[in-house]
Amino acid sequence: MDSRIKHWIRPAMANLKPYTSARDEYGESREDMIFLDANENPFDSGMNRYPDPLQRELKERIASWRNVAPERILLGNGSDEVLDLLFRLFCVPEQDRVVVLPPTYGMYSVLAAINSVETVAIPLDAEFHPNVSGILECNSDRTKMVFVCSPNNPTANLMPRESIIELLEGFDGIVVVDEAYIDFTDEDSLTELLDQYANLVVVQTFSKAMGLAGIRLGMLFAREEVIGYLNAIKPPYNVNGLTQKAALEALDELKLKSEQVSILKTERARLAEALEEIACVQEVLPSAANFILARVDDADNLYQYLIGQGIVVRNRSKQLNCENTLRFTVGTPEENKALVAALKARKS
Ligand SMILES: *Cc1c(COP(=O)(O)O)cnc(C)c1O
């Protein structure tokens, strides 16, 4: 146990008595038991029972897939929910603050605002890498978390591992590493550092490489002490039965998923090359994710033109240091061809 964790968490959460669901009290269930404890409809529909609040079967499977012990896993209704639970566990509203590194994923500051937590922005440097010394200057009893997105959305680059390690060693709070796009990189997940750093939290998702954005399943990996607190504050049935079932099925199809990822990596390289040839594209940023950020002559105009062609991309121009950028998700080979054809056909 690391006493620093106790020091960071919100005092009101430390001694919380969680709601115990009917089936929690009983523990191991046997096939032949009669369940008259939870006021369910007894007629079998496949989904008439409450789901396992701790998703034990699914966590066992994720544990062997990701090589992290099941006690170090929290699952939630998308990454959105697991990130929100971190705010609730660590941050006292109207008092604590968190550090974000713009340009980055917008949900961190949205969740901070919803939880009445102040955000301090320490911009990424010219290479879109973390300004480690700037972040460490934010150390204080009130600064509870820093959010590092790697690969970063929308810039698509990986953050240097040495920088994250410097943060894990020097930041007096939780370092949240969002690895939503880790499967599109050639790097290992930082989950392998959980033994070394009690303040490391890694977040991943079923929404991107696993192709299941519709089921809403987020994963959080942390030391068992942190997971214990998070389990105590999460809504008891936060991952529904249909989601657990769909995730288990997807884990039987990992070969298919990795084939899709390798197609997308090939397509990413092709699309980047094709974008380089387009007259109005000034710069194509290198990507370790399943999207490409490109600097163009006039992003608003090009965005509208593409809408007219029936193609929706993301205009990221309002983000810090992303003036005149569009973010292109890598689609199927046919979709990418259509995008490139539309860009080539545009009269400037
Ligand atoms: C897409 C994305 C997620 C995934 O969010 P879900 O709620 O799990 O769908 C998380 N983080 C980043 C940076 C993303 O771009």
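Reader: Where is the place of Met47?

Author: Met47 is in the loop between helix H3 (22–26) and helix H4 (56–66). Helices (H or I, at least four residues) and strands (E, at least two) are DSSP runs, numbered from the N terminus. A word on the source: this is a predicted model, where local features need pLDDT of at least 70 and side-chain atom pairs count only at pLDDT 80 or more, while totals for chains, interfaces and linings use all residues. Residues are numbered from 1 along each chain as its sequence is written, and side-chain values use heavy atoms, with hydrogens and water left out.

Reader: Is Met47 buried or partly exposed?

Author: Met47 counts as partly exposed, because its relative accessibility is 38%. Buried means under 20% relative accessible area, exposed over 50%, and partly exposed in between (1.4 Å probe, protein chains only).

Reader: What is Met47 in contact with, leaving aside neighbours within four places in sequence?

Author: Gly241, Leu242 and Lys245. Contact means heavy atoms within 4.5 Å.

Reader: New topic. Where does Gln204 lie?

Author: In strand E6 (residues 200–205). Gln204 is at 2% relative accessibility, so it counts as buried.

Reader: Which side chains make a polar contact with the side chain of Gln204?

Author: The side chain of Arg66 does, at 2.9 Å. The side chain of Glu179 does too, at 2.9 Å. A polar contact is a pair of N or O atoms within 3.5 Å; within protein, one must be able to donate a hydrogen and the other to accept it, and residues adjacent in sequence count only if both atoms are side-chain atoms.

Reader: And Arg66, which ring face does it lie over?

Author: That of Trp65, at 3.9 Å from the ring centre. The rule: NZ of Lys or CZ of Arg is within 6 Å of the ring centre and within 35 degrees of the ring normal.

Reader: Now the core. How many residues has the largest nonpolar one?

Author: It has 46 residues, and Ile62 and Phe206 have the most contacts inside it. Helix H10 (residues 241–251) gives the most to this core, with 5 residues. A nonpolar core is a set of buried Ala, Val, Leu, Ile, Met, Phe, Trp, Tyr and Cys residues joined through side-chain atoms within 4.5 Å.

Reader: What does Phe206 contact, beyond four places in sequence?

Author: Its contacts include Ile62, Trp65, Met219 and Ala247. Apart from this core lies another, of 34 residues, among them Trp8, Val82, Val98 and Phe147.

Reader: How many aromatic pairs are there?

Author: The count comes to 6. Rings of Phe, Tyr and Trp (its six-membered ring) pair if their centres lie within 6.5 Å; planes under 30 degrees apart count as stacked, over 60 as edge-to-face and the rest as tilted. Tyr108 and Phe147 have ring centres 4.8 Å apart and planes at 15 degrees, so they are stacked. Tyr108 is in helix H6 (residues 107–114) and Phe147 in strand E4 (residues 143–149), 39 residues apart.

Reader: What about Tyr181 and Phe291, stacked or edge-to-face?

Author: Edge-to-face: 5.0 Å centre to centre, with 75 degrees between the planes. Tyr181 lies in the loop between strand E5 (174–178) and E6, and Phe291 in strand E9 (residues 291–296), so the pair ties together parts that are 110 residues apart in sequence.

Reader: What lies over the face of Phe291?

Author: Arg327, at 5.6 Å from the ring centre.
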